[in-house]
Structure formats: C-alpha cells, structure tokens
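Here are my notes on the model, point by point. Please read them beside the coordinates.

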Protein chains: 4
Amino acid sequence: MQHFESDYLEGAHPLILKRLMETNMEKTPGYGCDAYCESAKSKIREACNCEHAEIHFLVGGTQTNATVIKALLRPYEGVLAADTGHISTHEAGAIEAGGHKVLTLPQTLGKINAEAAERYIELFFKDANHDHMVRPGMIYISHPTEYGTLYTKNELERLNQVCKKYKIPLFLDGARLGYGLMAKQTDVTLEVIAKNCDVFYIGGTKVGALFGEAVVITKPDLTNHFFTMIKQQGALLAKGRLLGIQFDTLFTDQLYFDISRHAIEMAEKLKQGFALKGYEFYFESPTNQQFIVLNNAKMAQLSEKVSFGFWETLDDEHTVVRFATSWATKATDIDALFELI
Amino acid sequence: MQHFESDYLEGAHPLILKRLMETNMEKTPGYGCDAYCESAKSKIREACNCEHAEIHFLVGGTQTNATVIKALLRPYEGVLAADTGHISTHEAGAIEAGGHKVLTLPQTLGKINAEAAERYIELFFKDANHDHMVRPGMIYISHPTEYGTLYTKNELERLNQVCKKYKIPLFLDGARLGYGLMAKQTDVTLEVIAKNCDVFYIGGTKVGALFGEAVVITKPDLTNHFFTMIKQQGALLAKGRLLGIQFDTLFTDQLYFDISRHAIEMAEKLKQGFALKGYEFYFESPTNQQFIVLNNAKMAQLSEKVSFGFWETLDDEHTVVRFATSWATKATDIDALFELI
Amino acid sequence: MQHFESDYLEGAHPLILKRLMETNMEKTPGYGCDAYCESAKSKIREACNCEHAEIHFLVGGTQTNATVIKALLRPYEGVLAADTGHISTHEAGAIEAGGHKVLTLPQTLGKINAEAAERYIELFFKDANHDHMVRPGMIYISHPTEYGTLYTKNELERLNQVCKKYKIPLFLDGARLGYGLMAKQTDVTLEVIAKNCDVFYIGGTKVGALFGEAVVITKPDLTNHFFTMIKQQGALLAKGRLLGIQFDTLFTDQLYFDISRHAIEMAEKLKQGFALKGYEFYFESPTNQQFIVLNNAKMAQLSEKVSFGFWETLDDEHTVVRFATSWATKATDIDALFELI
Amino acid sequence: MQHFESDYLEGAHPLILKRLMETNMEKTPGYGCDAYCESAKSKIREACNCEHAEIHFLVGGTQTNATVIKALLRPYEGVLAADTGHISTHEAGAIEAGGHKVLTLPQTLGKINAEAAERYIELFFKDANHDHMVRPGMIYISHPTEYGTLYTKNELERLNQVCKKYKIPLFLDGARLGYGLMAKQTDVTLEVIAKNCDVFYIGGTKVGALFGEAVVITKPDLTNHFFTMIKQQGALLAKGRLLGIQFDTLFTDQLYFDISRHAIEMAEKLKQGFALKGYEFYFESPTNQQFIVLNNAKMAQLSEKVSFGFWETLDDEHTVVRFATSWATKATDIDALFELI
C-alpha cells in the first residue's frame with residue numbers, strides 16, 4: 001500500500017528531531033520567551049526582509065486562523081474569503097464560534113480576485129441597508145489555495161490595493177506556503193508576501209515540522225495583546241521553545257525552501273506518471289497537491305493499493321481525489337505507486 | 001409625498017393602543033408572568049390548534065431569530081437557510097455573534113426546497129471530512145419570504161419530512177406571517193404551520209402591533225430554560241404585559257387576520273395600479289410586498305413623490321425597489337400615489 | 001392587596017401614552033431615523049450639557065449593558081464591576097455570552113470605590129502572569145446601585161481619574177437614573193455624570209416610559225458602528241420613533257425629573273411608615289428602593305396583604321425584601337399599605 | 001543559576017523522544033485516527049479501569065478546559081470553580097470567550113468543598129430570580145490544585161454526590177495529575193477519579209510529554225461530536241499520532257507513575273532543604289509545587305542565583321513564590337541550589 005493521502009503523514013524532518021533531541025534537557029522559560037524563539041523570529045524577519053515584523057508561533061492552522069481573525073476584526077465585521085477557503089469549509093465553524101461571519105466570494109481554482117472583492121465591498125457600501133449587514137473587515141486568502149493553486153505577484157498586489165483602499169487588512173493563510181514558494185514559475189517570494197500582506201503565516205505542520213505555524217504581522221501596530229489572544233484561544237504552547245527550535249531549524253541554511261522544492265519535484269514526477277497512464281486531472285496544479293478525477297469503480301479498485309484523499313463528489317459516478325507529496329515523499333514511493341496501478 | 005417604503009411606518013392598530021390605555025395603570029408582575037400574557041398564549045394555542053405549545057413573547061425579529069437559533073443548536077451545528085434569508089443578510093451577523101454558521105442554500109424567489117436541503121445534508125454525511133465541518137442542525141425558512149413569496153402546504157410538509165428524517169428542527173420566521181396567511185390561494189394556515197414546524201413565530205411588529213413577536217414552540221421538550229435564554233439575549237421585556245396585551249388584542253375576534261387581509265387587498269390594488277401604468281414587476285408576489293424594477297433615472301424622479309424601499313441593484317442601470325402595504329394602508333393612499341405618478 | 005414589588009408595575013406616564021396616541025398614524029422612517037428621535041437626542045444633549053454626545057435608544061437594560069460592553073471592549077478585556085452589579089448577577093450571563101469576563105470587586109452598599117478599582121488594576125499589572133489574565137478594560141457602575149444607593153460627585157470624579165489614568169472608559173448603568181438624580185442631598189446631576197462618564201444610559205423603563213433606555217456616549221470617537229452593534233445584539237427597534245417619542249416627552253418640561261422626584265417623596269413616606277411601625281431597614285437608602293429585613297414568619301404573613309420583592313436570604317430565619325416606589329405610586333397606596341399591616 | 005520556576009522547563013522524557021524518533025518516518029492517518037492513539041487509549045482505559053471511557057488527546061490545558069466546558073454546558077449554564085481555579089484566573093478569559101460564566105466559590109488551599117458547592121446551588125434554586133441568573137451547570141476542580149494541594153477520596157465522592165443530586169457533571173483538570181497520584185498518603189487513584197468524575201484529563205505537558213492532555217469521558221453519552229468540538233476550538237492536532245505515541249509511552253510499564261513519583265521525591269528533598277534553612281512555607285503542599293514566603297529584599301537577592309515562579313503579592317513587603325520539581329529534576333540540582341543559598 002502506498003500513501004499519498006496528505007502531506008502530514010510522517011513526523012518531522014530528521015534535522016528537527018535531531019535539534020529536539022540535543023536540546024531536550026535544557027531548561028528554558030515557557031510560552032515562547034526563550035532564545036530559540038528569538039533566533040527563529042530573527043531568521044524569519046530576515047527571510048521576509050521585514051525587520052520590524054511581529055512574529056508569534058502557534059500550533060495548528062485552524063487555531064491560527066481563528067486567533068488572527070478574532071484579533072483583527074471588530075464584532076461588527078466579517079472576513080471575505082473564497083467559498084472554498086479553509087475557514088469557509090473545514091474548520092468546523094471556528095470563525096463563527098469566535099463571533100464572525102465568513103463572507104464568501106466565488107472562486108476560480110480556489111482563488112478570489114481583487115475585482116470581485118472590490119465589487120463586493122462597493123456593493124456593500126451602496127446598499128442602503130448596509131448598517132444592518134456584516135461589514136467586510138478583512139480579506140483572507142490561502143496560498144497555495146486548498147486546490148493547490150497560486151496567486152501571482154500581480155494578483156497579490158491588486159488585493160493589497162483593494163485592502164488599502166478600504167483600510168482593511170489582507171491575511172494570507174500559508175499552511176503550505178513552502179510548496180507555493182518553491183513552485184516552478186511563481187513570482188511570489190516571501191518578501192513579496194511580506195510586502196503585500198498585513199498578516200500571514202508560514203506553515204510548519206505540512207512542511208517539515210512536527211507541528212507549528214509562524215504568524216508574521218508585518219504591521220506591528222495592527223493588533224494589541226496578541227499574546228493574550230493566543231492564550232485565550234487555547235493556542236499557547238507551554239513549552240514554546242518546541243516551536244522556536246523547529247522554525248529555527250527550518251530557517252537555517254534554507255532548509256524550509258530545500259525540502260519544499262523536493263516536494264514540488266516529487267509532485268512533478270507524480271503528475272507525469274499519472275499523465276502517462278492517461279488519468280484525468282481535475283485541473284493543472286503547480287504545487288504539491290494533485291487532483292484527479294476518478295470514476296467510482298476505478299476509485300474503489302485503486303483504493304486497495306494506494307491511499308489518497310477524498311476531495312469532493314463530482315457527480316453520481318465520479319469523484320475528485322487528492323494525491324499529495326511532501327518533504328518526505330521519496331522518488332521510490334512514486335515508482336512503487338506506478339508499478340502497482 | 002406618499003409612503004410605501006415599509007410595513008412598519010405607523011404605530012399600532014387603534015384597538016391595541018386602546019387596550020394599552022385602558023390597562024395602563026394596572027399593576028402586574030413583570031417579565032411576562034401576567035394574566036394578559038396567559039390569555040394571549042391561550043388564544044394563540046387555540047388559533048394554532050396546538051394545545052401543548054410553549055409560547056414566549058419577544059420584542060423584535062432579529063432577537064427572536066438569534067434567541068431561537070442559539071437555544072436550539074449545539075455549538076457544532078449551523079442553520080440551513082436561503083442565501084437571501086433574513087438571518088443570512090440583514091441581521092448584522094447576529095447568528096454568527098451567537099457562535100453559529102448560517103449554511104446557505106440557493107433560493108428560488110426567496111424559497112428553498114426540501115430536495116436541495118436534503119441534498120445538502122446528504123452531501124454533508126457523504127463527505128469524508130464532515131467531522132471537520134459545521135453540521136446542519138436546523139432548517140430556517142421565512143414565510144412570507146423576504147421576497148414576499150409563500151411556501152405551499154406541500155412544500156412545508158416536505159421540509160418537515162426532511163427535518164424529521166435527519167432529526168433536526170424546522171424553524172419558520174413569521175415576521176410577516178399574517179400577510180402570508182391571508183394571501184389569496186394559499187393553502188397554508190396557522191394550523192398547517194404548527195403541525196409542520198417545530199418552532200415558528202407570529203410577527204406583530206409588522207402586523208398591527210407597536211412591536212412584538214410570539215414564539216410558538218410546538219414540541220415543548222425541544223428546549224430547556226428558554227426564558228433564561230431570552231434574558232441572556234437581552235430580549236426579555238420588563239413590562240412583559242405590553243406584549244401580552246398586544247397579542248391578546250390581535251388574537252381576539254380575528255383582528256390579526258382581518259387586518260392582514262386588508263393589507264393584501266391594498267397590495268392587490270397597488271399591483272393593478274402599477275400594471276396599468278406599465279411598470280415591470282421583478283416577479284409575482286402574493287403578499288404585501290411588491291418588487292418593481294426601475295431604471296435609475298426613473299427611480300430618481302419617482303423618489304421625489306413617493307418613498308419606497310431600496311431592494312437591490314439589478315445592474316448598472318436598474319434597481320429593484322420595494323413597495324409595501326400594511327394593515328394601515330388606506331385605499332386613498334394608493335389612489336393618491338397613482339395620481340402623483 | 002397592595003403592590004410594591006417593583007418600579008415597573010404599570011405602563012407609562014399618561015403624557016407618554018397621549019403622545020403615542022397622537023402620533024400613532026404618522027408615517028416615519030424606521031430604526032430611529034425619525035424626527036422624534038432627533039428631537040429627543042437634542043433635548044438630552046442639552047440636559048447633559050454635552051452638545052457633541054452620540055445618543056442611541058435601546059429597549060431594555062440587559063441588552064443595553066451587553067451592547068455597550070461588547071462595543072467598547074476588545075476580546076482580551078473584561079469589565080470591572082461590583083460583585084452585586086446587575087451585570088454580575090441578574091443578566092443571565094449576557095456579558096459572558098458576548099465573550100467577556102465580569103471582573104468583580106467587593107462592594108459596600110452596592111458601590112465600588114476608586115481605590116479598590118485602582119488596586120485591582122495595579123495588582124493586575126504587577127502580576128508577572130498578567131498576559132495570561134483578562135485585562136481590565138472598563139469600569140461599570142450602576143447609579144443608583146442595585147441597593148438603591150448613590151455615588152457622590154467626588155466618588156465619580158475619582159473613578160473617572162482612575163479610568164483616565166489607565167485609559168479605560170467608565171460606564172454608568174442608569175436604569176433608575178431619575179430616582180438617583182432627584183434623591184435628596186445628592187450632588188450628582190446629569191451634567192456631572194456626562195462630565196465623568198464615557199458612556200452612560202438614562203433609564204426609561206423604570207422611570208415613566210413603557211420601555212426604553214437612552215445611551216449617551218460622551219466621547220463620540222469611543223466607538224464605531226454602534227448602530228450595527230445594536231442591530232447585531234437584537235436591540236434595534238423597527239419602529240424606533242416609539243423610543244424617540246417617549247424620551248422626547250420625558251425630556252420636555254422636566255417631566256423625567258418631576259416624576260422621579262415624586263417617587264422619592266413616596267419613598268420617604270414609605271420609609272417613615274415602616275420606621276414608625278418598628279421595621280428594621282437593611283440599610284439607609286436615599287432612592288426609590290427600600291430594603292427591609294423580615295423574619296420569615298412575618299414575611300409569610302405580610303405577603304398575604306402586600307406584594308414586595310424577594311431580595312436575598314439573610315440567614316436561615318431572615319430575608320431581605322424590597323419595597324419600591326415609582327413615578328406611579330400614589331400617596332393613598334402607601335396609606336392603604338399601613339392600614340393593612 | 002538553578003531553575004525551579006516551573007515543571008515545564010525541559011522537553012520530554014527520553015523514552016518519548018526515542019519513540020518519536022523510531023516512528024518518525026511511518027505514515028499514519030491524521031487527526032488521531034492511528035494505531036498509536038488506539039493503543040494509548042486502550043492502556044488509559046485499563047489504567048482507569050473504565051473500559052467504556054471515550055478518550056481524546058488535545059495539545060494543552062487551556063484548550064482542553066475550554067473545549068470540555070463548551071461541549072458540556074448549554075448556553076444558559078456556567079461552571080462552578082474555585083476562585084483560584086485555573087479557569088478563573090490564568091486562562092485569559094477562555095471560558096468566557098466561549099460564552100460561559102465561571103461561577104466562583106471560595107477556596108481553602110485551592111480546594112472547594114462539596115458543602116459550599118451544594119449551598120451555592122441550593123441558594124440558586126431558592127432565589128426567586130434564578131431564571132435571570134446563570135445556572136450552575138457543572139463543577140470544575142483541579143487535582144492537584146493550583147496550590148499543589150489534593151482532594152481526598154472522600155472529598156471527591158462528596159462532590160460526585162452533589163453533582164449527581166443536581167444532575168450536573170464533575171470535571172477534573174489533571175494538568176499535574178501524575179504528581180497528585182504519586183503524592184504520599186493520598187487515597188486518590190486513577191480509578192477513584194474515573195469513578196467519581198464525569199470527565200477529567202490526564203496531563204502530559206507537565207508530566208513527561210512534550211505536550212498533550214488526555215481527556216477521559218467516563219460517561220460516553222455525556223457529549224456528542226466531541227471531535228468536531230475539538231476541531232472548532234482549534235485543538236485538533238493534524239499529526240495526532242504525536243499525542244498517541246507520547247501517551248502510549250507514558251502508559252507503558254508505569255512510566256507516567258514512576259516519573260511522577262520521582263518528582264515527589266525531589267519535592268520532599270527540596271522541602272527538607274528549605275525547612276533546614278529556616279524558610280517559611282506558605283502552607284504544606286504534598287505535591288511537586290512548593291510555595292514559600294519571601295520578603296522582597298530576600299527575593300531580589302535569591303533571584304540572582306535561582307529562578308523560581310512569582311506566585312502572588314502577599315503584602316507590601318512579602319511575596320509568595322513557587323518552586324516546582326518535575327520528572328526531570330535531579331537530586332544534584334537541589335544539592336546545587338542549597339549550596340548557592
């Protein structure tokens with residue numbers, strides 16, 4: 001049985017485990033007030049070329065989204081997102097549990113565009129009843145999106161312009177950010193993201209860490225007492241250094257980028273394999289997630305030999321499934337897969 | 001200037017004010033524990049032919065929706081509603097402020113249908129990730145809808161069947177219920193509603209009262225401590241008898257129904273007037289709200305002589321506007337309108 | 001049977017009902033955008049000598065407290081209040097339902113003092129773990145308190161100074177404000193309150209209106225989109241003019257003050273009556289609520305002839321009960337009471 | 001510099017890291033649906049002698065408390081806790097952020113007693129206004145308490161009886177449970193806890209794990225869809241096996257108990273050392289946290305050589321500080337400490 005159902009099947013990159021082992025019996029202050037966190041923050045600031053950025057480490061993606069959104073919005077505001085955005089669908093209502101509406105925009109390949117967002121906001125202000133409605137208070141995007149697709153630099157800049165025009169922040173969910181940054185042909189770098197987003201996070205859970213997401217607030221006066229918000233949301237790790245050590249390792253000697261690039265190469269190999277075998281892609285994805293359309297009989301048959309992710313029901317006879325590579329995928333895994341099927 | 005912008009332009013039906021005057025200096029216990037509330041409840045139970053119904057009086061519609069939904073749902077559940085439903089659009093995020101997602105269904109003329117609701121629920125259960133998603137925990141409909149349209153008895157029964165099948169309650173927002181019940185050709189009576197809905201409310205604010213909504217819980221074991229929920233939501237009126245007196249009056253000698261029928265007759269007269277003048281209706285509405293498509297130049301011109309409600313932007317050149325009649329509309333108002341335009 | 005259990009036993013002052021009758025069939029815009037609301041706001045601004053105040057009309061006290069507190073606090077903040085404060089005890093958890101902790105201070109006769117509040121805040125900042133704790137984000141007081149007692153001008157000024165020092169707002173719950181303003185020997189006027197509080201409300205429900213509370217925000221840049229917050233909290237009355245008309249009447253020709261003074265005179269008469277009969281007061285109250293200690297046998301006996309409010313269990317054999325006068329209490333009611341007992 | 005400021009200074013017990021290393025490249029399903037979690041659950045069920053218990057693994061204490069409490073309470077309910085309870089003080093308002101009031105009871109040495117809890121509930125029901133108040137919906141205790149003290153078996157049984165009488169659950173926060181179970185002279189075993197509590201959690205973060213808390217629901221029909229609640233609260237770890245592996249290791253060959261016993265022995269040694277040097281204990285603690293009263297000059301002097309935890313300001317001249325041992329404390333650390341001071 002080969003496994004391609006997600007990019008969080010394994011533990012952590014061996015260098016991370018090594019650092020955790022080496023530092024295990026050191027005594028450090030809790031809650032992120034340790035030297036490893038400081039070092040990691042400093043390296044991330046440098047990688048983003050954003051020296052005044054405020055950085056916080058949280059454990060997982062849903063809690064990061066919920067904490068950032070609750071910290072940034074006022075009670076009368078909601079967050080604009082693609083209707084396929086993670087916060088719209090697979091976070092069990094965490095944003096609403098925090099009191100905020102997710103205002104959905106239609107998407108194309110998982111992306112929203114600046115024009116649609118602006119139109120939404122304009123219509124809101126033109127609506128004579130808008131004081132009875134939830135105000136759009138920020139824009140949320142994911143990059144890569146839930147469909148593995150990527151924004152271009154120009155698209156991010158235009159979203160940034162819309163946000164500036166209406167004085168609302170742009171928040172980028174980077175749960176799989178590494179795989180986006182290392183995609184071929186993308187012009188979006190960490191620096192581009194730091195320049196265009198008010199807040200974003202660099203995903204660790206799916207990119208080499210045991211767990212962990214690094215929130216980067218590029219405009220430090222955007223929020224107050226974010227630490228207390230993290231605590232209130234149950235997102236504060238007692239042994240905060242576990243996050244510091246992981247991100248410090250990932251941002252030493254380009255590890256984060258190198259392992260991400262490897263996952264992209266594995267995705268390319270996977271793509272070629274499926275293409276050769278005549279499988280139908282749901283669409284072209286430049287990152288580590290590949291979506292394939294299977295008829296249900298084929299799906300049943302295939303699932304005896306390889307495990308993949310259910311994505312969505314396409315029609316009564318077809319299902320979209322996901323194959324994901326990661327930092328941990330080996331070329332031999334892919335060879336083995338195509339021998340099996 | 002003639003006024004047709006809403007059905008809450010005036011105070012209350014004169015008989016209600018008369019009762020408030022007559023009883024003004026009586027001393028009664030607060031919070032709805034008075035004889036007027038008891039009498040009103042008893043009359044409503046009879047009108048619904050539902051003798052065991054639990055009845056509560058609240059002040060306004062948004063607070064009623066928020067209180068009912070918060071009382072009925074568990075934190076992991078959301079409420080299914082039309083994407084044009086009042087709770088989806090014009091309640092300033094009150095449902096989300098209470099922690100719950102509004103799960104929207106596409107609508108036709110403001111209505112959802114049982115098949116679409118069932119399909120949504122089925123897809124939810126078929127989704128391998130549904131434990132990461134908001135569970136559909138109730139169905140919300142408005143009758144009349146925000147577009148003035150009506151469900152048929154059969155449509156309500158089918159919604160009821162879907163709710164029963166999945167063991168979730170059906171909640172009907174009756175902010176304008178009287179105008180629905182008295183529409184011509186409807187087969188939906190109060191008794192039909194009480195039989196098919198787990199909870200609904202009978203709107204007073206827009207149908208003859210100064211304010212007030214009567215919540216009818218047809219299955220009394222559906223919820224506990226609803227009184228405390230009302231208090232917590234800030235929806236408990238200290239002088240509860242004001243609500244009791246109003247609903248007691250409305251449900252004495254068929255007043256609620258008679259004044260509703262009058263509004264329907266006025267709406268018919270309005271419709272004929274517009275039709276004669278060649279105005280374009282957005283669609284056919286059988287109740288007291290009529291939606292007309294105007295080009296924007298015409299709208300500007302018309303708005304000097306008559307006030308109407310903005311509904312929605314149709315395209316760059318056209319706007320949908322609303323004309324509403326009510327228990328208080330006089331035939332001479334309509335005559336005057338058509339002399340003006 | 002004589003009734004003294006609360007100050008909301010009757011409807012409204014006859015002048016208010018008269019105005020409601022006279023204006024009943026007028027057509028006005030909804031949600032408080034009418035001329036009566038404007039007029040009432042203008043009169044209240046004048047009475048407060050605070051021309052730039054932002055004023056909103058809500059229906060009841062709990063919803064007003066919940067809305068103001070949610071609008072003013074950030075998610076990491078709580079509200080300091082007496083442990084006997086209405087928000088701490090009798091609002092069914094409305095403040096917590098809005099996400100905020102009520103941080104309680106010990107009280108003396110229902111009042112907190114500036115020193116205790118400052119000590120709390122100082123201890124908070126000295127606590128090495130304060131980033132793990134709820135930040136004190138505003139001070140809430142009631143005037144009169146739940147025990148009928150009053151702050152002095154000096155006490156309000158000192159609370160104001162503490163609030164200024166820590167840059168948090170002072171919020172005064174004036175559900176019974178009229179009875180406080182007209183108490184004998186108080187030096188606290190509306191103007192004093194407007195000068196010392198960032199937000200307060202002038203209670204109508206218990207002081208002559210059918211219902212209604214006028215929120216006065218003395219620093220208009222304190223909050224944004226308060227209207228939307230009112231809507232979200234379910235506290236927006238469709239026929240907003242009902243509130244405008246009531247407050248306009250109350251603030252015409254000093255009506256609010258005159259009827260409040262009457263209630264105070266009735267309270268004095270009641271006090272004298274009880275004192276003459278040898279009843280024990282729980283403490284001296286200068287306003288319309290009088291608290292008397294009864295042994296439980298006496299209480300049972302008395303309750304056959306007069307209805308009063310349960311206040312609290314003092315010990316196994318004694319109960320504190322409340323007698324309230326109001327704008328509506330007649331001297332003959334009190335005479336009748338003392339003939340009975 | 002010697003470190004005794006907390007029991008989460010180091011990483012994890014070496015056996016845990018070893019297991020994480022060994023299993024690192026295995027591919028497992030996410031979100032706790034792996035064999036390690038199953039195995040750990042099975043061992044915990046056995047250790048509790050509670051074969052039908054439902055078990056979930058979460059990351060940290062605050063999120064566990066918030067998730068359990070939100071899952072168990074209805075919106076009109078609050079949670080009874082000591083006013084020194086962790087949820088009352090150091091969780092940044094997480095419980096209130098979830099909509100629930102913490103109803104505080106006075107404590108003795110961090111403990112509440114069944115009589116006080118019952119009195120509170122009785123007074124609630126006797127209060128004529130209790131429908132306007134937050135209903136006590138569960139009892140929360142911590143064991144060991146925040147002061148390091150322990151309930152006796154008899155005290156737990158009496159709390160259980162009160163809970164049963166009023167049909168509310170008893171929830172035990174066991175963030176430091178191991179240190180409680182291994183204290184000398186305690187008669188409270190895991191089995192006693194499982195028998196008397198409806199829900200409790202076994203703390204890993206402070207007892208040998210990198211992080212992690214095991215929630216044990218002893219009455220499986222107590223709650224529904226707890227998994228979705230965990231997800232909504234942002235408390236679901238993608239690589240759930242990290243928790244499974246850690247708890248599986250801790251509950252293999254009594255590791256959890258052995259390392260806890262070690263911490264207790266170290267605490268005894270620390271106690272003797274301080275006693276010999278004439279230090280004043282704030283009170284007698286049988287577990288791994290020791291509280292010492294220092295005058296502030298002494299505290300400043302001491303803090304140059306050893307780091308300890310600030311606990312609370314006792315008076316202007318004295319502070320209570322905390323020294324904590326843990327599974328990781330070495331006897332030589334303590335010797336070194338007493339050489340320094």
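1. Buried area is the accessible area (1.4 Å probe) that two parts lose on being put together, summed over both. On that basis chain A and chain D bury about 3900 Å² between them, 60% of it on carbon and sulfur atoms. Y8(A), K27(A) and K239(A) supply 18% of the area that chain A buries against chain D, more than any other three residues.

2. Conventions. This is a predicted model: local features need pLDDT of at least 70, side-chain atom pairs count only at pLDDT 80 or more, and totals for chains, interfaces and linings use all residues. Residues are numbered from 1 along each chain as its sequence is written, chains are lettered from A and ligands numbered from 1 in the order in which they are written, and side-chain values use heavy atoms, with hydrogens and water left out.

3. Contact between chain A and chain D (heavy atoms within 4.5 Å) takes 44 residues from chain A and 45 residues from chain D. The salt-bridge rule asks for a side-chain nitrogen of Lys or Arg within 4 Å of a carboxyl oxygen of Asp or Glu. It finds 4 salt bridges across this interface. One joins K27(D) to E10(A), with the closest N and O atoms 2.7 Å apart.

4. Over all chains the salt-bridge count comes to 68. Within chain A, R176(A) and D7(A) form one, at 2.6 Å from N to O. R176(A) lies in the loop between β6 (170-173) and α8 (177-181) of chain A and D7(A) in the loop between β1 (2-3) and α1, so the pair ties together parts that are 169 residues apart in sequence. Helices (H or I, at least four residues) and strands (E, at least two) are DSSP runs, numbered from the N terminus.

5. R176(A) is buried at 10%, and D7(A) is buried at 1%.

6. In chain B, look at strand β5 (residues 135-142). 8 of its 8 residues are buried, so β5(B) is largely enclosed by the rest of the structure. Strands pair if DSSP finds at least two bridges between them. β5(B) pairs in the parallel sense with β3(B) (residues 77-82) over 4 bridges, with L80(B) opposite I139(B). β5(B) also runs parallel to β6(B) (residues 170-174), joined by 4 bridges. There, I141(B) has L172(B) as its bridge partner.

Note on methods: Buried means under 20% relative accessible area, exposed over 50%, partly exposed in between (1.4 Å probe, protein chains only).
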